[in-house]
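Student: I have a chain open and want to go through it feature by feature. Can you take my questions in turn?

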Amino acid sequence: MPCHESSEIAGHVSEICENETGLKKGVPVVYGGGDTLVQAAGNGMTDSGILISNIGTASQLLCLSNFPLHDEF
């Protein structure tokens, strides 16, 4: 899957979308980005072994791994 800039135009609102949502036909739709993934990129998480902590209303610890991790439960 290709990677896009969050502000890059992905397409435009279609007539069907306009009828279902009220958004005007032709309005540009951008790619955007998921908050946790964008935060990780912004914090320089580019390789395994890096751990970041986000503390706010919700808090997360995020790290990259070269292999899947899961609980046995």
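Student: How many bridges join strand β3 to strand β4, and do they run parallel or antiparallel?

Tutor: This is a predicted model, where local features need pLDDT of at least 70, side-chain atom pairs count only at pLDDT 80 or more, and totals for chains, interfaces and linings use all residues. Residues are numbered from 1 along each chain as its sequence is written, and side-chain values use heavy atoms, with hydrogens and water left out. Strands are DSSP runs of E, at least two residues, and helices are runs of H or I, at least four, numbered from the N terminus. Strand β3 covers residues 51-54 and β4 covers 60-63; they run antiparallel, and the bridges joining them number 4.

Student: Which residue of β4 is the bridge partner of Leu 51?

Tutor: Two strands pair if DSSP finds at least two bridges between them. β3 and β4 form a hairpin with 5 residues between them. For Leu 51, the partner in β4 is Cys 63.

Student: In what order do the elements of the chain run from the N terminus?

Tutor: The chain has 2 helices and 4 strands. Read from the N terminus, their order is β-α-β-α-β-β.

Student: What is the radius of gyration of the chain, against the 11 Å of the globule rule?

Tutor: The radius is taken over C-alpha atoms, and the rule is 2.2 Å times the number of residues to the power 0.38. For 73 residues the rule gives 11 Å; the chain is well over that, so it is more spread out than a compact globule, with a radius of gyration of 18 Å.

Student: What does the C-alpha trace span along its principal axes?

Tutor: Take the surface first: the accessible area is about 6,300 Å², with 57% belonging to carbon and sulfur atoms (Shrake-Rupley method, 1.4 Å probe; for residues, only the protein chains shown count as cover). Along the principal axes, the C-alpha trace spans about 45 × 30 × 25 Å.

Student: What percentage of the 73 residues is buried?

Tutor: Buried means under 20% relative accessible area, exposed means over 50%, and partly exposed lies in between (1.4 Å probe, protein chains only). Among contacts with a separation of 6 or more, residues 24 or more positions apart account for 9%; contact here means heavy atoms within 4.5 Å. The buried share of the 73 residues is 5%.

Student: Is Met 45 buried or exposed?

Tutor: Met 45 is found in the loop between α2 (35-42) and β3. Setting aside residues up to four places away in sequence, Met 45 touches several residues, including Ile 50, Leu 51, Leu 62 and Cys 63. Its relative accessible area is 9%, so Met 45 is buried.

Student: Which side chains meet in a salt bridge?

Tutor: A salt bridge needs a side-chain nitrogen of Lys or Arg within 4 Å of a carboxyl oxygen of Asp or Glu. The structure holds 1. The N to O distance is 4.0 Å, and the side chains are those of Lys 25 and Glu 15.

Student: How many residues apart in sequence are the parts that Lys 25 and Glu 15 tie together?

Tutor: Glu 15 is partly exposed, at 47% relative accessible area. Lys 25 lies in the loop between α1 (15-21) and β2 (28-30), while Glu 15 is in helix α1, so the pair ties together parts whose separation in sequence is 10 residues.

Student: Which residues is Gly 26 in contact with, leaving aside neighbours within four places in sequence?

Tutor: Gly 26 sits in the loop between α1 and β2. Gly 26 is partly exposed, with a relative accessible area of 38%. Gly 26 and Val 13 are 13 residues apart in sequence and 5.0 Å apart in space, C-alpha to C-alpha. The contacts of Gly 26 are His 12 and Val 13.

Student: How many disulfides does a search of the whole structure find?

Tutor: A disulfide is a pair of cysteine sulfur atoms within 2.5 Å. Cys 3 is exposed at 76% relative accessibility, and Cys 17 is partly exposed at 26%. The number of disulfides found is 0.
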